[in-house]
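Subject: Structure handover

Hello,

Here is the structure for your files. My notes on it follow below.

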Amino acid sequence: VINLIIAIDGPAGCGKSTIAKMIAKKLGYTYIDTGAMYRAVALKLKRENVNPDDLKAVLKVMEDTDIQLKTAENGVKVFLDGEDVSDQIRTEEIGKMASQIARYPQVRKVLVKMQRHLGEKAKNAVIEGRDTGTVIFPDADVKIFLTAKPEVRAERRYKELKEKGLDVSYEEILKQVKERDYLDETRKDSPLKPAEDAVIIDTSNKSIEQVFNEVMEVIKRKS
Ligand code: C5P
């Protein structure tokens, strides 16, 4: 196989970014974080005070927005109109705004085209998101769908933020996790769901190491 695509999808906080980065590093593949692109658009909307419910205005902003993903030591750096916004896009507020604009087919169309192009340009890629195995690359060589119970995902996120010294509430995080699941699973265009031929892995009771090994096994079997 000359061009090998590994598609990893799943809900917010299931560990797919961590796993996708590890796999890409291990195999020397290009890592493509599709969610980062929705987040970059959301950050720009926030900065320009554009209401994410105003589709016309959103599309107008997108017309002159440049988003670049650049491979870095620990995964990827995200550039919005030339500015490194890798850290700024990682807030829950931006995640939720990303989810709000991700429901518009017109928004998805633009980003999916860029994402497909990135995957095709990369010789081999690990691409991660919600629709990478269903819409972006329906013919991906390997499709993985990671999931975990909302309570487990909220707990992981809670610990992560606590370790950063932030004053957060578990209940609030659980609410946010469930809200984003709802938005992503119920939208009409490209809702979050496993591809028919995806291998589903529930990470609720597994360590990162265990999940990594299982995914590597699937890749060995399928490629
Ligand atoms: O994965 P991440 O949390 O960065 O994604 C942010 C939001 O972008 C998701 O909640 C989802 O609504 C949207 N998204 C999407 N399709 C993708 C990747 C992300 O709709 N392929």
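How are helix 4 and helix 8 oriented to each other? Please keep in mind that this is a predicted model. Helix 4 covers residues 92-101 and helix 8 covers residues 170-186; they pack at an angle of about 15 degrees. Angles under 35 degrees count as roughly parallel, so helix 4 and helix 8 are roughly parallel to each other. Their axes are 10 Å apart, and the crossing of the two helices is left-handed.

On the helix 4 side, the residues in this contact are Glu92, Gly95, Lys96 and Ser99. On the helix 8 side they are Gln176, Glu179, Arg180, Leu183 and Asp184. Sorted by class, the contact of helix 4 with helix 8 consists of 5 charged, 3 polar and 1 nonpolar residues.

The other site I looked at is Leu45, which sits in helix 2 (residues 34-47). Buried means under 20% relative accessible area; Leu45 has 0% relative accessibility and therefore counts as buried. Leaving aside residues up to four places away in sequence, Leu45 touches Val50, Val58, Val61, Met97 and Ile101.

As for annotation, an unreviewed UniProt entry lists residues 6-220 as "domain: Cytidylate kinase". In the model, that span is 52% helix and 18% strand, and its end C-alpha atoms lie 11 Å apart.

Regards

Methods
Residues numbered from 1 in each chain as written. Predicted model: local features only at pLDDT ≥ 70, side-chain atom pairs only at ≥ 80, totals over all residues. Heavy atoms only, no water. UniProt positions renumbered as here; feature names shortened; annotations may be inferred. Helix = DSSP H or I, 4+ residues; strand = E, 2+ residues; numbered from the N terminus. Axes fitted to C-alpha atoms, helices over the stretch in contact; angles between N-to-C directions. Parallel < 35°, antiparallel > 145°, perpendicular 65-115°, else oblique. Left-handed = near helix turned anticlockwise from the far one by under 90°. Contact = heavy atoms within 4.5 Å. Nonpolar A, V, L, I, M, F, W, Y, C, P; charged D, E, K, R; others polar. Buried < 20%, exposed > 50% of the residue type's maximum accessible area, 1.4 Å probe, protein only.
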